[in-house]
Amino acid sequence: MGTVLRFLFVVPLAYVAACLAAAFAMLWPFLDISGSAALDPIFIGETAFYFGAQTIQIGAAAFLPWLCFMVATEMFGLSALLLHMVAGLLGGVAILLTVYGAAVPHMSVQTAILVASLTFSLVYWILAGHGAGRWRRTLPRRRAQGSKAGPASSPETPRPDLGH
């Protein structure tokens with residue numbers, strides 16, 4: 001039952017939370033909240049709209065690569081933080097190359113995209129990625145009762161020292 005709940009709720013909600021965190025990381029450096037602008041309802045509405053639009057854009061752009069990565073990590077039990085961070089960094093570089101190509105954007109845009117991709121992978125790993133593959137239960141090996149296994153297959157029999 002836990003496996004079903006993991007794939008129905010935890011993994012998709014972790015994806016949505018990662019998209020929200022990446023959108024926040026992408027927009028935060030470019031927001032100018034100073035003085036009376038912080039209290040202006042138009043500014044707050046615009047910021048909320050930009051945040052929502054950025055979240056949807058990140059979610060749409062990252063869905064298929066994330067889905068392939070998520071299936072691979074769940075099937076093979078790959079739950080290392082370093083693997084998730086490297087995958088996030090590669091995703092950010094891939095987005096930079098596919099969107100901008102040879103026309104390199106300003107360094108602040110490059111940094112924001114890479115920080116957003118690393119934030120995406122970190123948040124996903126914290127919420128769901130660290131438990132990747134734990135749903136697969138490994139059955140303990142049992143000796144068949146009544147089998148005539150020799151002493152080499154018995155776990156209780158110590159191995160002889162060969163003098164090497």
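Tutor: A residue counts as buried when its relative accessible area is under 20%. The model discussed here is predicted.

Student: Is Trp66 buried or exposed?

Tutor: The cut-off for buried is under 20% relative accessible area. Trp66 has a relative accessibility of 9%, so Trp66 counts as buried.

Student: What kind of aromatic pair do Trp66 and Tyr124 form?

Tutor: A pair of aromatic rings is described by the distance of the centres and the angle of the planes. For Trp66 and Tyr124 the centres are 5.8 Å apart and the planes stand at 85°. Planes over 60 degrees apart count as edge-to-face, so the pair of Trp66 and Tyr124 is edge-to-face.

Student: How many residues apart are Trp66 and Tyr124?

Tutor: Trp66 belongs to helix H2 (residues 41-76), while Tyr124 belongs to helix H4. The pair links distant parts of the chain, and the separation is 58 residues.

Student: Which residues do ring pairs link into a cluster?

Tutor: The whole structure holds 7 aromatic pairs. Ring pairs join Trp66 and Tyr124 in a cluster with others. The members are Tyr15, Phe63, Trp66, Phe120 and Tyr124.

Student: At what angle do H3 and H4 pack?

Tutor: Two packed helices are described by the angle between their axes and the distance between the axes. H3 covers residues 81-100 and H4 covers residues 107-127. Their axes lie 8 Å apart, and the angle is about 145°.

Student: How many charged residues does the contact of H3 with H4 have?

Tutor: Residues in the contact include Leu89 and Leu96 of H3, and Ile113 and Tyr124 of H4. By class, 14 are nonpolar and 6 are polar, and the number of charged residues is none.

Conventions: Residues are numbered from 1 along each chain as its sequence is written. This is a predicted model: local features need pLDDT of at least 70, side-chain atom pairs count only at pLDDT 80 or more; totals for chains, interfaces and linings use all residues. Side-chain values use heavy atoms; hydrogens and water are left out. Axes are lines fitted to C-alpha atoms, for helices over the stretch in contact, and angles run from 0 to 180 degrees between N-to-C directions. Helices (H or I, at least four residues) and strands (E, at least two) are DSSP runs, numbered from the N terminus. Contact means heavy atoms within 4.5 Å. Ala, Val, Leu, Ile, Met, Phe, Trp, Tyr, Cys and Pro count as nonpolar, Asp, Glu, Lys and Arg as charged, and the others, Gly among them, as polar. Rings of Phe, Tyr and Trp (its six-membered ring) pair if their centres lie within 6.5 Å; planes under 30 degrees apart count as stacked, over 60 as edge-to-face and the rest as tilted. Buried means under 20% relative accessible area, exposed over 50%, partly exposed in between (1.4 Å probe, protein chains only).
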